[in-house]
Amino acid sequence: MAVYFPRMSVPHPEVVSLLEKQLTHEFHAAQAYTALGYWCDVQHWSGYSQFFHKQAAEERTHAARILQHLADRDVVPQIGALAAPKKDYEDLEQCAQAAYDLERNNTRGIHEAYAVALKHGDFPAQVLLHWFISEQVEEEAWSDKLVAKTKRAACAGALLYLDRHLEKELSGTGGGGE
Ligand SMILES: [Fe+2]
Ligand SMILES: [Fe+2]
């Protein structure tokens, strides 16, 4: 018979549920960025493609942070079902907008989870989420720039330049999506 030792740090079920929702969001973002990466690959926008694939890898590490946090607190995490990501895009502007929307959705989820961690006085979850809160400031900054710069690159030549130097163009306050 399995013996269960409850610990002080076991999170409230409401906190668990919001953290599980958020880690599922992070996996969804990873899938969505992977799809964006391949759309750009097929359209030969290799800078955008690389950038989105890099974001996909980062989103998986974000999910892993929350999974490990729950496991460390004796919770076997429930990973939610993932909806198929959008496959077809009109142009790079739509891709940039999709990234922008993904990031804003993610921020919303993180803030919701943080509010619940505060409500239940869950200090460990608050500390975990502090990292995510500041991460989202960076994510929103680069996705803002991505939309603005993609829109501004109205002619093919400007887009080619942006594609080649995307990481550099998005770095600065956004750190190029670190
Ligand atoms: Fe994330
Ligand atoms: Fe992100």
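Modeller: Let's begin at G121, which comes after α3 and has a positive phi, near 60°. Bear in mind that this is a predicted model, where local features need pLDDT of at least 70, side-chain atom pairs count only at pLDDT 80 or more, and totals for chains, interfaces and linings use all residues. As for labels, residues are numbered from 1 along each chain as its sequence is written, while chains are lettered from A and ligands numbered from 1 in the order in which they are written.

Now the helix itself. α3 covers residues 92-119, 28 residues in total, and its first and last C-alpha atoms are 41 Å apart. That is close to the expected 40 Å (1.5 Å times one less than the number of residues). The C-alpha atoms fill a box of roughly 65 × 30 × 20 Å along the principal axes.

What does α3 pack against? One partner is α1, at an angle of about 170° and with the axes 9 Å apart (axes are lines fitted to C-alpha atoms, for helices over the stretch in contact, and angles run from 0 to 180 degrees between N-to-C directions). So α1 is roughly antiparallel to α3 (over 145 degrees; under 35 is roughly parallel, 65 to 115 roughly perpendicular, the rest oblique). On the α1 side, the residues that meet α3 include L19, H25, L36 and W39; on the α3 side they include C95, A99, N106, A113 and V116. Being in contact here means having C-beta atoms, placed from the backbone, within 7 Å. L19 is a handy one to click on: leaving out residues up to four places away in sequence, L19 touches A113, along with I66, L70 and A125.

Several of those names come back in the largest nonpolar core, which has 42 residues (buried Ala, Val, Leu, Ile, Met, Phe, Trp, Tyr and Cys joined through C-beta atoms within 7 Å). L19, L36, Y48, C95, A99, A113 and L129 have the most contacts inside that core. The elements giving it two or more residues are α1 (13-42), α2 (46-72), α3, α4 (123-152), α5 (156-164) and α6 (166-170). The largest share, 13 residues, is from α1. In soluble globular proteins, nonpolar side chains tend to be buried together.

From α2, look at L67: L67 touches L23 and P77, not counting residues up to four places away in sequence. L67 is partly exposed because it has 19 C-beta neighbours inside 10 Å.

L170 belongs to α6 and counts as buried because 21 C-beta neighbours lie inside 10 Å. D144, in α4, is 26 residues from L170 in sequence but 9.3 Å away in space, C-alpha to C-alpha.

Notes: Helices (H or I, at least four residues) and strands (E, at least two) are DSSP runs, numbered from the N terminus. A residue is buried if 20 or more other C-beta atoms lie within 10 Å of its own, exposed if 12 or fewer, and partly exposed in between; C-beta atoms are placed from the backbone. Two residues are in contact if their C-beta atoms, placed from the backbone, lie within 7 Å.
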